[in-house]
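Hi,

Here is the structure I promised to pass on.

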Amino acid sequence: AAGYVFSLDAIQQCIIPQEELQNPDPNETYIIGLDIARVQNFTVAIVMDSKGRVVHHKAMQGPWTAQAKAVAHLWEKFGKPTVVFDSTGVGDSFRPLLVQEGVFPLKAIDFRKYKTQLVENLKVAIEEHQISFPNIPQLIKELQHFEAKETPSGRIDYSGPRGVHDDYVFALALAYWGLSKTERAPRIRVF
């Protein structure tokens, strides 16, 4: 048996009429959630500000070196924030490319250990309107179809259903996880 994780009403209430930032605010602190894919899915980067607003997103496919350069460009543009990513599977192999591009700090999350917490954390954030995002069609579609399924061992697994990606959901969950694990107020920058 499977059930949808996020209520349609709660998703709709998180959508705000906002364009993506072209010029980031130098007084704002950002975080990047990065869901890394190799071939079939997309690598997705979601940039969130300290108030829980998604201010930018980017979906990528192609050679990892090009993806790492694109992430590094985004990281530079938004003031070199922490990048939070899944360290299991392909994420661990992608990390050296980010390091090579100078991206730091990197925060690795072990999906095997924290996937349930990541999803439940995001679910509460959406239900309580602690985050907001522009009307990004792929993000909305993935949130609407994201499922919780019971495995034969009785464990709950979270993912998009067959034929629907979940890259945006996990990038959003990683960004919010990073935000919720740091102070919500902007950090003081020392020059």
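Below are the notes on the sheet and the helix packing.

This is a predicted model, in which local features need pLDDT of at least 70 and side-chain atom pairs count only at pLDDT 80 or more, while totals for chains, interfaces and linings use all residues. Residues are numbered from 1 along each chain as its sequence is written, and side-chain values use heavy atoms, leaving out hydrogens and water.

The sheet is open and mixed, with five strands in the order 4-3-2-5-6. Strands here are DSSP E runs of at least two residues, helices are H or I runs of at least four, both numbered from the N terminus, and two strands pair if DSSP finds at least two bridges between them. Strand 4 (54–60) and strand 6 (106–109) are the edges, each pairing on one side only. Strand 2 (residues 30–35) runs antiparallel to strand 3 (residues 43–49), with six bridges; Asp35 has Val44 in strand 3 as its bridge partner.

Now to the helices. Helix 4 (residues 111–127) packs on helix 6 (residues 167–180) at about 85 degrees, with the axes 9 Å apart; axes are lines fitted to C-alpha atoms, for helices over the stretch in contact, and angles run from 0 to 180 degrees between N-to-C directions. That makes helix 4 roughly perpendicular (65 to 115 degrees) to helix 6. Helix 2 (residues 64–77) and helix 3 (residues 90–100) pack at about 65 degrees, also with axes 9 Å apart.

Enjoy exploring!

Best wishes

Terms used: Parallel < 35°, antiparallel > 145°, perpendicular 65-115°, else oblique.
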